Amino acid sequence: MTAATLDALISEGLTGRRVLVRSDLNVPLKDGAVTDDGRIRASLPVLEKLAAAGARVLVTAHLGRPKGEPDPQYSLAPVAARMAELTEVTVRRAEDLVGESAAAASEELGEGEILLLENVRFDPRETSKDDDERAALAAELAALVGETGAYVNDAFGAVHRRHASVADITAKLPAYQGDLVRDELEVLKRLTETPQRPYTVVLGGSKVSDKLAVIENLMSRADTLLIGGGMVFTFLKAQGYGIGKSLVENDKLETVKGFLAEAERMNCRIVLPTDIAMASAFAADAEVEVLPTESLESGKHGEQALGLDIGPDTAAAFSKEIAQSNTVFWNGPMGVFEMEAFAKGTAAIAEALTATEGFTVVGGGDSAAAVRALGFDEHSFGHISTGGGASLEYLEGKSLPGIDALGG
């Protein structure tokens, strides 16, 4: 069964009808302001498309991990403010999710206007393990759009969750796939089913445990895996190298050894760094020495040093691999890019992706944040995912409840 599309919904006629859209607006905040509006900007095209068709658009989304009750630090108020700055469509905000404010605001909403409901995770039923509790919240959300209403899931970053606003709601309203979800699925299918070779996967981030299933699943599909970030030290220790005080998951050493052997059997090259930026401390002003992988404890700070970025030789080697590839998927920074001293490796990977003629995909989460934080033009990449954990679960071969619920 194929999921119904947004264009199919619009072709039905939307003037005066209310449409509930699940968007991914889980953006970082600082001092009550949005610091990275990438997900807001990615969500706006579908909302604007519906508004232009005359719909009264209600948006439900989560932010952070509130504990099932209202928490001012996780309010979507700053998101509504930023959304209003980014679009010419009128954006209104409800002070609750399914209460009096939401009901009144929905009733007063004009054609071609957007109403952002308060954080859906302020209601414990959203993430409840109890099917009836989730179904009850879904019914209340559906009531806000009425009998002629419809539901659109445009939050790929949430489709791996069996939550009320993601999965259960599809039993209460006619459900449609948003363009953002459609595009993410097309890209991920291309990465897993029809990649143009050579196909290179660049993996970073802090923990190898976060990427175990991805590595296992992609070894049979990719030609080369380039490993950086904090997760690399588990690989290096598994090979017998000293890593100082660098981040390591000792309980994954045997698993990593197995990966190295399995990759060789599958003719998938796992390429590890040849040099690392070793720091005296986890601090922006720490002393830094670039040391060869085989002697990371030989510097001034010996066994107390910790690796916070790949070195320049590795960055150059990884960039060369990327340049020779026709498909590149990148998920996870190469170092602590938030600190300027340890952003060079991540910047080099991003630069290499913009320079290659191949199809390039920047995985969601920290990778997408790094691209924006380091000042790269998002249009220089083939695709920047908003998926985060959902993308990784797809690449692991898992089913996604939100996608299954749409019939896709």
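Arg-265 and Glu-262 form a salt bridge, with their closest N and O atoms 2.5 Å apart. A salt bridge here is a side-chain nitrogen of Lys or Arg within 4 Å of a carboxyl oxygen of Asp or Glu. Because the two residues are 3 residues apart in helix H9 (residues 253-265), about one helical turn separates them. Arg-265 is exposed, with 58% relative accessibility, while Glu-262 is partly exposed at 25%. (Buried means under 20% relative accessible area, exposed over 50% and partly exposed in between, using a 1.4 Å probe and protein chains only.)

Before going on, some ground rules. You are looking at a predicted model, in which local features need pLDDT of at least 70 and side-chain atom pairs count only at pLDDT 80 or more, while totals for chains, interfaces and linings use all residues. Residues are numbered from 1 along each chain as its sequence is written, and side-chain values use heavy atoms, leaving out hydrogens and water. Helices (H or I, at least four residues) and strands (E, at least two) are DSSP runs, numbered from the N terminus.

## Salt bridges

Side chains of opposite charge can pair when their charged atoms come close. How many salt bridges does the model hold by this rule? The count comes to 25. Here are three of them.

| Pair | Closest N and O atoms |
|---|---|
| Arg-265 and Glu-262 | 2.5 Å |
| Arg-82 and Asp-37 | 2.7 Å |
| Glu-126 and Arg-22 | 3.8 Å |

Take Glu-126 and Arg-22, whose salt bridge has its closest N and O atoms 3.8 Å apart. This pair links distant parts of the chain, 104 residues apart: Glu-126 is in the loop between S6 and H5, and Arg-22 is in strand S1 (residues 18-22). Both Glu-126 and Arg-22 are buried.

Now for Arg-82 and Asp-37, a salt bridge with a closest N and O distance of 2.7 Å. Arg-82 lies in helix H3 and Asp-37 in the loop between strand S3 (33-34) and H2, so this pair ties together parts that are 45 residues apart in sequence. Are these two residues buried or partly exposed? Arg-82 is partly exposed, with a relative accessible area of 26%, whereas Asp-37 is buried, at 12%.

## Helices H2 and H3

Arg-82 also takes part in a meeting of two helices. Helix H2 (residues 38-52) and helix H3 (residues 77-86) pack at an angle of about 65°, and their axes are 11 Å apart. (Axes are lines fitted to C-alpha atoms, for helices over the stretch in contact, and angles run from 0 to 180 degrees between N-to-C directions.) Which residues meet here? From H2 come Ile-40, Arg-41, Leu-44, Leu-47 and Glu-48, and from H3 come Val-79, Arg-82, Met-83 and Leu-86. Contact means heavy atoms within 4.5 Å.

Within H3, the residues Pro-78, Val-79, Ala-80 and Met-83 are buried. The elements that cover the buried residues of H3 include strand S2 (29-30), S3, H2, strand S5 (91-93) and S6.

Glu-118 sits in the loop between strand S6 (114-116) and helix H5 (131-145). Glu-118 counts as buried because its relative accessible area is 6%. A polar atom of the Glu-118 side chain lies 2.8 Å from the backbone nitrogen of Leu-76. The Glu-118 side chain also makes a polar contact with the side chain of Arg-93, at 3.5 Å. (A polar contact is a pair of N or O atoms within 3.5 Å; within protein, one must be able to donate a hydrogen and the other to accept it, and residues adjacent in sequence count only if both atoms are side-chain atoms.) Not counting residues up to four places away in sequence, Glu-118 touches several residues, including Tyr-74, Ser-75 and Asp-96.

Where is Ser-75 found? Ser-75 is in the loop between strand S4 (56-60) and H3. With a relative accessible area of 12%, Ser-75 is buried. The Ser-75 side chain reaches the backbone nitrogen of Ala-77 at 3.1 Å. Leaving out residues up to four places away in sequence, Ser-75 touches Leu-29, Leu-63, Arg-93, Glu-118 and Phe-122.

## Gly-54

Gly-54 belongs to the loop between H2 and S4. Gly-54 is buried, at 11% relative accessible area. Setting aside neighbours within four places in sequence, Gly-54 is in contact with Leu-14, Thr-15, Gly-16, Glu-111 and Gly-112.
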